[in-house]
Amino acid sequence: MIFGIILEISASGLQFPENNGNLVNNLAVGEFRDLVKNTATILLSLFYASVLGLSGCERQAWNNPYPTTEAEANILYSAFDERPNHLDPAQSYASNEIEFTGQIYEPPLEYHYLQRPYTLIPLAAETLPVPVYLDEQGHTLPTNTPIDKIAFSVYTVKIQKGIQYQPHPAFARDEAGNYLYHHLSAEDIENAFELRDFPRTGTRELEAGDYVYQIKRLAHPKLHSPILGLMSEYIVGLNDYAKRLAQEYEKLAAVQGEPAYLNLHDYDFEGVRIVDRYTYQIKVHGKYPQLLYWLAMPFFAPIPPEADKFYTQPGMKEKNLTLDWYPVGTGPFMLTVNNPNREMILERNPNFHGQTYPTTGEPEDAAAGLLVDAGKMMPFIDKAVYKLDKESIPLWNKFLQGYYDTSGISSDSFDQAVKIGADGEAALTDEMRGQNIRLVTSVATSTSYLGFNMLDEVVGGDSERARKLRQAIAIAIDYEEFITIFTNGRGISAQGPIPPGIYGYREGEPGINPYVYQWRGGKPQRRGIEEAKRLLSEAGYQGGIDPETGQPLILYFDSPMAGPGAKPYLDWMLKQFKKLEVQLVFRNTDYNRFQEKMLKGSAQIYRWGWNADYPDPENFLFLLYGPNGKAKFKGENASNYASPEFDALFEKMKNMDNGPERQAMIDRMLAIVRRDAPWVWGLHPKAFGLLHSWYTNAKPNQIANNTLKYKRVDPELRAELRAQWNRPVLWPIVLLLVIFVISIVPAVQAFRRRERMAAR
Amino acid sequence: MIAYIIRRILYAIPILIGVNLITFALFFIVNSPDDMARMHLGMKRVTDEAIVKWKQDHGYDRPLVYNGDQPGLSKVTDTIFFQNSVRLFVFDFGVADNGRDIGFDISQRMWPSLAIALPTFLTGLLVYITFALLMAFFRATYIDVWGVILCVMLMSVSGLFYIIGGQYLISKMLHLVPISGYDDGVHAFKFLVLPVLIGIVGGVGGSSRWYRTIFLEEIGKDFVRTARAKGLRETTVLFRHVLKNGMIPILTGVVVAIPLLFIGSLITESFFGIPGLGSYTIDAIGSQDFAIVRSMVFLGSVLYIIGLILTDISYTLVDPRIRLQ
C-alpha cells in the first residue's frame, strides 16, 4: 500500500481525494509552508495508513467500523444495547434474547410474516396440529364437545422429514461412529474457550424425540424455565415430573458430582410422548387452544440430547461452554460468534432445509414491494452482525452514516428524523428523505397503563364511590396529551386492555370506552373535565375535598421511576390530578421495593405494562382475572382486580375458538372492566422504525420473532452510498496544525531570546 | 524494603476483608436474594417455587452472615458472605449469577480497557508535563496567562461533552474515524484514536495546571537559583532539576493509577462501544449480579493497594533520601 496523498486547495478548502497518488503539496501558507507540509504529510500518512492501509482497501471510508473484506458482503448490520442473559430456549424469555434464539431454533409453528391478523402456519411441523379431545376415561370426543366435558386435549405434531441440525461438535463422530467430544477429559477442555476450539463437527436429522426432550427440559431441576409454572397447569403430569427429576438429579449428582447428566429420555411422563421418529404428542388438561401459540415460541423448539450431553461434561460450564451460550438449532442461522461484550454474529446455516418467501400477504403488501421475493428461497442474507452499542447517540449517527441498516428513533433524534403534520401523521424530515430513508410504523401488541390497587381502601374495592373516583381520574388523565409530550405521538390511547391486532379489539365507535370517551366527528373524544368533577362529587369528594378530613383528597402514586426523565412525567401526572383538585403524593422507591409493594398489595396507584406473548385476548384479559391477583396469588393481575362476572366469563372465553360467541363474551368483559376502571387504560405504543433504501422485505411484525430470514439487503448500493456519505474532510485538521504552528513560533523566538539572556 | 512490602501486603488482608464486608452490606441492604432471583428469572410469570429453586442453585438460600442452625464454625462458614467471599482471596472469582465465568470475562475485557487507558495515560502524561513545563518556562508571560486560561476553560467542560463533541466533530462531520466499535490487534487502532485523543484533551486542563503549580513551586527554590547561578541553560534547569524534584508529588497521583488502568472507564467505553471492564460493574449492579459486583470491588481494592505500594517504591527511585523500612 502506498500512502500517497494529494492535498489540493479548492474553493471549499482542502479536499482529500479518495484515489492515491504521489505526494504533492500545493499548500502555500507563507513562511510555515515546509513545516506545515511535513507535519501534515506525516500525520495524514500515518492516519491514512492506520485507517485504510492496514485494512488493505482504498475504497473504504475512513470511519467505516467494519473490516474492508465485508465492504460488499451480503451482511445485515444491527445493534444491541444489552447482552442477552439466556440463549437456552428453555430459559430465554426476554425480547432481546428471542431476537437471536428465534433465528436459530425452529419450533413446530411460526406466524405468517405478512398476513394480519397474525396467523399461525407450520414451520418444522407438516401441518397445524388439530387437538383431539378426550374424556376422563380417554374416550375420543367430538370437536364440538362443550369445554366442561373435555378432560384432556391431545395435540399430535408431525414434523417434516429431512431437516438437519447446524454443524456442531456435539454431533461429531469418529470413523467407528462414536461421538468424538462426549467423553472429554479435563485436559481436552483446558484449552477450549469457544466452540470453534472443537475442530470437528457433525449433524443429524431432526427427530420428534428432540421436541419431546425439550419439553422435558422445561422441568429440569438445573434450569429455571419461566414457563414451568404455567405449563404445569396444562401439560399432564409436568408438575410431578419436575419433582421426580429433582430427586433423580440429586441421586445422580451424589454419584457423578456436579454437573450430573440427566438423560431425559430415560424418564417419561404422561404429558408428552414420541409416537414415531417424526411424530410426537402433547397431552394437556381440558381445552387449551393457546398451546398452539406456545408451539410457535422457542420454548418448544427441539434440543438434541447429544448437545445436552456435550455441554454437561465437567469443566464445560466453567469455560462458558453451555447451551445457554452456544445454541444448537435447525433454523436458517447459527450463532458463530457470541461475544456479547462486543458483537454477536449469526451466519447462514449450511444445513438449513430451505423455505420460500410467502406468496400472499395483505392487499397493500404488493405495492409496498413486500412480495417481490415471493416464492424465492430464504434466507436472503449470509450473515447478520449485531454490535454492542449502548448509547443512542453513536448508534443513531452510525445509522445515518449507513453503518446500521435499520434504526429505531430515540427521543433525542426524533425531531431530526420525523415531523408530525397538522393531521397528526408522521412524516420523514427532508434530511431523512435526502438519504432515501423510509419510515415504517406499527402499533405494538402491548399496553402501558396506570393501575389502581383494588385492595386499597380509597381507590380500590367494588363500591360505587370508589368506582366513580376511578372513572373521574380516568377522564382527568389526558393520555392524548401524554402521547404528544412524552412519546412524540408514538402511541394510541387505549380503550381497554386489548391492543389493535389482537382478536377482540374493535375499531371505531363500538370499540371506545364510553366512560372516558364520546364518539364525535368520527373519532373518540375524551369527556370533559366537568364530567370528571361531577363523578368525583358523586363519589363524595366535592371539589376534591375528602369529607373525612375536610382537606383535599390525597392519593399516592408508587413509582420506581428515577433519573432526569422521571421528574417531567411526575410533574405532568401531578397536573392531571390537580384538574380535580386532588393532591397526588409520589412515593418513589427503587425497583426492588416497588416490586415488594406490588407483591404485598400495599401500593395505591402505579404504572405498569404488558407485552403480548401471543396474539390472543386471553393473554391480556388474564391480567384482570381474579385468581391471577398479584398480592394473593402472585399472579400477573397487578391491580388485584376481582369481578365474579368477569372471572366467570374469562374462564369460558379463554379456551374458546375465535368466533362471534367469543367476541360477544370479550365485549361483555370489556364493558365490565371499563365500568369498574381498575386501570386507566393508558396507551398502546407505536413502534417507529427507519430503514435504509438498501434494506427491503421489512414489514413490522410485533409477534413473530424469526423474521431475519425474510430480510434482504443490497450490499452494492450500501457500499456506494456509504462511500458517498462518508468522504473524509481534512481541511480543518490542516488548518488546526497551521494555527498551532503559527502560535508556537513567537514562543520559540521567546525561548531563544531567553536562552541568550544572562541569568537573573 | 522487602520486609516493608511484605508488611504492607499483610496489612492489605484486613482491609480487603473490610471492603468485602462493606460491599456485602451495601449490596444486600438494597437487594434481597428474592429480588436477585426475580431479576434473573425475568419479570414475567415468576413463581415462588422458581425463586426458591434459583436461590438454592446459586447458594442464596443460606443466611447472610450467621447461620444459627449449624453447629460450631459452620455458623459462620455456612453463610452467603463466607461462601462467596473466601474464594476471592485466591482470586477465584467463581461464576456470575447468569452462569458466566467471571475470571474468564475479566481476562477478556481488561485488554480493551488497557488498550485505551494505557496510551491515554502515557501520552497524556507526556502532554500534560510538557505543557506544564512550557507554562512554567514562560511563567508570567502571555503564554503562561493564556495557558492557564485555557486550562481553566478545559477543566470547566464536562467529560461527556468532550466525548459527544469529539464524536460529532471528528467522526460525524469530518468522517475521519469510526464513531464507536472495537477490533482486535492492529485493527483496533482506528477505534482507539478518538477515545485516546479525547481522553488526553479532557485531562489537559486539570493535570497541566496541577503540574504547573508543582513546577513553579520548585522553580522558586534555592537549588534552582543555584543551578542558574552556575550558568546552566534554562532547559537543563527545567529538565534536570525542576522536573526531577517535582516528580514526588506527580508520582503520588500517577503511580497509584497505573494498576487501575485495567479497570477501564465506564463512560468512555460505553460511548465508544469498547468491550472493556468499565461497564462490567455497572451492568452487574443493574442486573443485581452480586457475584460480579463483589469480584470487581475486590479486584479494584487489590489494584489500588498495589498502586499504593508501587507509589511508595517509586519514591525511593526518584528520591534517594527516602528509605522504606
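Predicted model: local features only at pLDDT ≥ 70, side-chain atom pairs only at ≥ 80, totals over all residues.
A:N655 touches A:I147, A:K287, A:Y288, A:P289 and A:Q290, a list that leaves out residues up to four places away in sequence.

- In chain A, residue A:N655 sits in the loop that runs between α19 (644-653) and α20 (660-676).
- With a relative accessible area of 8%, A:N655 counts as buried, because the cut-off for that class is under 20%.
- Among the residues that A:N655 touches is A:K287, and the side chain of A:N655 reaches the backbone oxygen of this residue at 2.8 Å.

**Pairing of β25 with β26**

- Strand β25 (residues 554-559) and strand β26 (residues 583-588), both of chain A, pair in the parallel sense over 6 bridges.
- Within this pairing, A:I554 has A:Q583 in β26(A) as its bridge partner, while A:L555 stands opposite A:L584 in β26(A).
- Together with helix α15 (residues 566-578) of chain A, the strands β25(A) and β26(A) make a β-α-β unit, and this unit is right-handed.

**Pairing of β25 with β27**

- β25(A) also pairs in the parallel sense with strand β27 (residues 605-611) of chain A, in this case over 2 bridges.
- On the β27(A) side, A:I605 is the bridge partner of A:F557.

Terms used: Residues numbered from 1 in each chain as written. Chains lettered and ligands numbered in written order. Heavy atoms only, no water. Helix = DSSP H or I, 4+ residues; strand = E, 2+ residues; numbered from the N terminus. Buried < 20%, exposed > 50% of the residue type's maximum accessible area, 1.4 Å probe, protein only. Polar contact = N/O pair within 3.5 Å; in protein donor to acceptor, adjacent residues only side chain to side chain. Contact = heavy atoms within 4.5 Å. Pairing = 2+ DSSP bridges. Right-handed = clockwise from strand over helix to strand, strands pointing away.
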